Amino acid sequence: MVALTAFAIVAIRSLREPVLRAAGWALVVNEPVASADIIVLSLDSGGAGALEAADLVQSGISKRVAVFMGPPGLEDHEFIRRGLLYEDDGARQIRQLRSLGVTDVVRISTIEGASTEGEGQALPAWCAEHQFHSVVFVADKDHSRRVRRVLDRVMKDHSTRVTVQPARYSNFDPDRWWETRRGVTAEIVGLQKLLLDVVLHPMSF
């Protein structure tokens with residue numbers, strides 16, 4: 001009995017980490033990145049997205065970077081009301097990009113809800129307006145799989161090729177996410193959103 005119990009414990013432990021890693025990588029997309037007309041940052045990618053974009057510019061993927069401008073929140077309106085400067089996520093990314101040496105930065109008009117779906121709705125018309133044929137879309141690592149599904153849906157009737165690039169400096173580590181509270185929260189929330197997207201759009205392509 002003792003031997004069987006010890007064997008079961010070892011077996012469970014040996015299976016646990018591969019299963020947890022698989023769950024982590026289920027949230028992350030991995031695509032080859034090629035030269036593109038422009039790099040687009042999602043709002044949720046934050047500073048990690050700015051770093052990723054700067055590295056992509058440095059490696060010659062594209063010289064231009066676009067940033068979504070999210071609508072101001074309640075606290076932002078209060079800063080404005082008091083006559084103070086406020087910096088939303090998009091403005092912060094622009095400042096970070098410039099500090100990293102990226103000078104060719106453009107803005108994408110304010111999106112509804114500052115969400116992945118809002119970005120997806122804004123992107124096709126914006127690409128068509130500017131006649132972009134290829135885009136590298138930088139997303140937070142734990143959102144990248146869902147971003148891929150959203151972009152597959154909204155871009156399916158458009159000629160623009162969009163590659164999703166996870167931000168490498170994201171706080172989410174698919175190989176060790178269960179070791180921190182932040183990682184566990186990101187995994188649970190990410191899986192919930194991904195599964196909901198699958199349920200709502202089972203034929204997302």
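Does Gln131 count as buried or exposed? At 62% relative accessibility, Gln131 counts as exposed, where exposed means over 50% relative accessible area, buried under 20%, and partly exposed in between (1.4 Å probe, protein chains only). Gln131 sits in the loop between α5 and β4. Its phi is positive, at about 55°, although Gln131 is not a glycine. For background, most residues other than glycine have a negative phi.

A word on what you are looking at: this is a predicted model, in which local features need pLDDT of at least 70 and side-chain atom pairs count only at pLDDT 80 or more, while totals for chains, interfaces and linings use all residues. Residues are numbered from 1 along each chain as its sequence is written, and side-chain values use heavy atoms, with hydrogens and water left out. Helices (H or I, at least four residues) and strands (E, at least two) are DSSP runs, numbered from the N terminus.

Now turn to the sheet. Five strands form an open sheet in the order β3-β2-β1-β4-β5, with parallel pairing; two strands pair if DSSP finds at least two bridges between them. At the edges are β3 (105–108) and β5, each pairing on one side only. From one strand to the next, the twist averages 25°.

Strand β5 (residues 161–166) is mostly covered, with 5 of its 6 residues buried.

Finally, look at the helices. α6 lies across β4 and β5, running at about 170° to β5; angles run from 0 to 180 degrees between N-to-C directions, and axes are lines fitted to C-alpha atoms, for helices over the stretch in contact. Helix α5 (residues 116–130) packs against α6 (residues 144–154) at about 35°, with axes 9 Å apart. Contact (heavy atoms within 4.5 Å) involves residues including Leu123 and Pro124 of α5 and Val147 and Val150 of α6.
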